[in-house]
Amino acid sequence: MLPKPHGGTLINRVLHEKERILDSLREMPNLEISKDVAVDIENIAYGAFSPLQGFMCQNDYLSVLDSMRLEDDTPWTIPVVLDGLREKLKENEIKEGDAVLLSHEGVSIALLNIEEIFDYNKKDHADKVFQTTDATHPGVRKTYQMGDVLIGGDIELINGIPNPFEQYTLRPIETRILFKELGWRTVVGFQTRNAPHLGHEYVQKTALTFVDGLFINPVIGRKKRGDFRDEVILKAYEELIRNYYLKDRAVLAILRTEMRYAGPKEAIFHAIVRKNFGCTHFIVGRDHAGVGNYYQPYEAQEIFSEFPDLGITPVFFKEFYYCKKCYGYVNERICPHEGEDIIPPSGTKIRKMLTNGKIPPKEMMRPEVAEIILNFDNPFIE
Amino acid sequence: MSEKPERKYTTVSIPVQLYEKIKERIEGTGFTSVSDYVTYVLREVLASLEEEEKEEVFSKEEEEKVKERLRALGYLD
């Protein structure tokens, strides 16, 4: 049986009677928001971030920072907040209790019913979410660039922003109905921000051996330099699934949100989101959502022991690699060999080879996948 | 602007013998207090009870609309 959404109910905050309020929208104060925020408003509105109904108010925000739980004790590890500038709010006479229009580049995105405007400490935020205050960490850097206050309150979605990957976009209600139609009672979710190499494939297929279906759910959105471009990831996965997966056992759809690079805390957040999509299990590998050396290789697995009430089962894996002596893909839990005998599918090496127009060895990446990637002029973010 | 709130706790009573048993059991584990252990176990129990509840049911109309889109996108035949 598919799990209930996080918090018990799949949230729907899509405004259905737009026409009725169009006139009043013109009168409303307007706040310009970033693309990242606009995308996350859609995630809230369609229930991917259930039970959130909007941007966090202070009690939830502080509870998430201090206890990794919402105020009502529901597990939650990443603050979902809207920042602003106190001066600007004052200038526009925006205050608690007001309804404001959130827009992005001229598009009306959502209504926000402001419940609270509150101060916060950026260093404390960075330290508790990213476990570092080092401004070279991409998540910390972004935190330091945020406005000086946070604005909490429920939202109602008016319009989504243009989505170049609409054909790969499924909302939680859609995946839940799809899984049911496919007859899946157990589903393992796989989070990725990479084009697939053999290591990813074996992790997915090992997990798939024990459940009914695999939900491959790449994160599409702001990432860091050197990461694969979104369209490359999608085309590479399509090719892999076409050639190497059973049609009724794997579904590919995207999750539009930015990578936070918050390591262990983001792993919990990723699991919660996949639970909302209907997954019963979630794969957590090495250095999940990590960056640089900020987190221990398996820290993102260890944190799950703090959440007996998460409602989704994590599936932990060590890294898979090719062993010349075992003639296949293995990991350190099942293979006694090491050194020259093993070929790890190193992401750095694969990137380097692809950058030089070379197809990586077949022990690292499927040739069909490599060819698809090489068809792109520039497969990496600059 | 609002004041900083504090996380709230309350007290429940358990038999002293049970408290002593738990205290002994958590020695050398990651639990730093009996309260931590009891909180963990209760969260686990409540979550498993919630799992047994029925899954969400969508209206027929809603379900048909979704299936139509899934077919159009090629996810369903």
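Which residue just after α5(A) takes a positive phi? In this predicted model, that residue is Q131(A), with a phi of about 60 degrees.

**Helix α5 of chain A**
- Helix α5(A) spans residues 122-130, and its buried residues are H125(A), A126(A), V129(A) and F130(A).
- These buried residues line one face of the helix, because they fall within an arc of 95 degrees when seen down the axis of α5(A).
- An α-helix has 3.6 residues a turn, so residues three or four places apart point the same way.

**Largest nonpolar core**
- The largest nonpolar core holds 114 residues, of which I41(A), L102(A), A110(A), I155(A), F215(A) and A236(A) touch the most other members.
- Strand β5(A) gives this core its largest share, 7 residues.
- Domain 1 (18-157) and domain 2 (166-374) of chain A both contribute residues, so the core lies between them.
- Leaving aside residues up to four places away in sequence, L102(A) touches L31(A), I33(A), I41(A), I109(A), A110(A) and L112(A).

**Contact between chains A and B**
- Chain A supplies 26 residues to the contact and chain B supplies 24.
- On the side of chain A that touches chain B, the elements giving two or more residues are α3, β5 (107-119) and α7 (172-181) of chain A.
- Helix α3(A) provides the largest share of that side, 6 residues.
- By type, the residues of the side of chain A that touches chain B comprise 13 nonpolar, 6 polar and 7 charged.

Technical notes: Residues numbered from 1 in each chain as written. Chains lettered and ligands numbered in written order. Predicted model: local features only at pLDDT ≥ 70, side-chain atom pairs only at ≥ 80, totals over all residues. Buried ≥ 20, exposed ≤ 12 C-beta atoms within 10 Å, placed from the backbone. Helix = DSSP H or I, 4+ residues; strand = E, 2+ residues; numbered from the N terminus. Arc of directions from axis to C-beta. Contact = placed C-beta atoms within 7 Å. Nonpolar A, V, L, I, M, F, W, Y, C, P; charged D, E, K, R; others polar. Core = buried A, V, L, I, M, F, W, Y, C linked by C-beta atoms within 7 Å. Domains from an automatic or database assignment.
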